[in-house]
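Thanks, everyone. I have one structure to go through this morning, and I will keep it short. Please have the viewer open.

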Amino acid sequence: QARIAAMLLPTLRGTPTIYYGDEIGMTDVPIPMDEIVDPQGLNMPDMNVSRDPCRTPMQWSPEINAGFSARKPWLRLPYNAARVNVEKQKNDTHSMLSFYRKLIDMRKKSAALSVGSYSPVYSDGQLISYLRQEHDETFLIILNLSHRPAYFRPKNTSYNGMIKLSTEEERIGMQVANVITLAGDEGLLVQIDD
């Protein structure tokens, strides 16, 4: 699901924003009640409204305190900090960090993705799809927001093209046409043929 969210923002119009840690798949950390430092969480202890879980230190490396500091940080780190960190992901072509880099690179190189028009194609409770177009460059973005397989088949039209980016890396470079299948939680960025 994190890759679907990652694919959505850079393929929409406007300025995409990334909250620190999203690019490596950091998640909120459960903070024990006696370690909460957020005033909102302290003032309403039984309401579970502390903002501390999303304010834990950036996970830079598998070193002590995730490479954030040699001293104990203000909030605890998650149990998986030695595995989920920038250093572990920066040279892994299959990592979340590499996926973000590919998305950002595509957006920088493509007028259609950076300044192009937006046209909705189809959406329901499972799929959302739209076109981004500028001059002779057109991308179809299809996102499966569910865990179940999905079938993209809009009425009265068909799309033919090549998958330029997918949350399922093995599909990159494949040609698609007419009915396009998606695995659960899969997103596709398809460059439409002229």
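Contact, in what follows, means heavy atoms within 4.5 Å. Gly187 and Met7 are 180 residues apart along the chain, and their C-alpha atoms are separated by 7.0 Å.

Some housekeeping on where this comes from. This is a predicted model, in which local features need pLDDT of at least 70 and side-chain atom pairs count only at pLDDT 80 or more, while totals for chains, interfaces and linings use all residues. Residues are numbered from 1 along each chain as its sequence is written, and side-chain values use heavy atoms, with hydrogens and water left out.

Now the overall picture. The protein chain has 5 helices and 8 strands; helices (H or I, at least four residues) and strands (E, at least two) are DSSP runs, numbered from the N terminus. In sequence order the pattern is α-α-α-α-α-β-β-β-β-β-β-β-β. Along the principal axes, the C-alpha atoms fill a box of roughly 60 × 35 × 30 Å. Of the 194 residues, 42% are buried, where buried means under 20% relative accessible area, exposed over 50%, and partly exposed in between (1.4 Å probe, protein chains only). Among contacts with a separation of 6 or more, 55% are between residues 24 or more positions apart.

Next, the sheet. In what order do the strands of the open sheet run? The order is β1-β2-β3-β8-β5-β6, 6 strands with antiparallel pairing; two strands pair if DSSP finds at least two bridges between them. β1 and β6 (175–176) are at the edges with a single partner strand each, so one side of each has no neighbour in the sheet. Helix α4 (residues 96–109) packs on the sheet and touches β2, β3 (137–144), β5 and β8. The direction of α4 makes about 130° with that of β5, with axes taken as lines fitted to C-alpha atoms, for helices over the stretch in contact, and angles running from 0 to 180 degrees between N-to-C directions.

Two of the pairings in detail. β5 (residues 161–166) and β8 (residues 187–192) are antiparallel over 5 bridges, and Gly161 stands opposite Ile192 in β8. Gly187, where we started, is in β8, and its relative accessibility of 0% is why it counts as buried. At the β1 end, 6 bridges join β1 to β2, again antiparallel. These two strands form a hairpin with 3 residues between them, and Tyr118 stands opposite Arg132 in β2.

Gln126 sits in the loop between β1 (117–123) and β2 (127–134). Is Gln126 buried or exposed? Gln126 is buried, at a relative accessible area of 15%. Its contacts, leaving aside neighbours within four places in sequence, are Leu143, Asn144, Leu145, Ser146, Arg148, Pro149 and Ala150.

Last, the loop between α2 (39–43) and α3 (86–89), where Ala66 is found. Phi of Ala66 is near 55°, a positive value in a residue other than glycine, and Ala66 is buried at 3% relative accessible area. Phe68 lies in the loop between α2 and α3 as well, and with a relative accessible area of 33% it is partly exposed. Leaving aside neighbours within four places in sequence, Phe68 is in contact with Pro57, Met58, Trp60, Pro73 and Trp74. From Phe68 to Leu127 the C-alpha separation is 39 Å, over 59 residues along the chain.

A positive phi also turns up at Asp185, at about 60°, and Asp185 is not a glycine. Asp185 lies in the loop between β7 (180–182) and β8. That is all I have.
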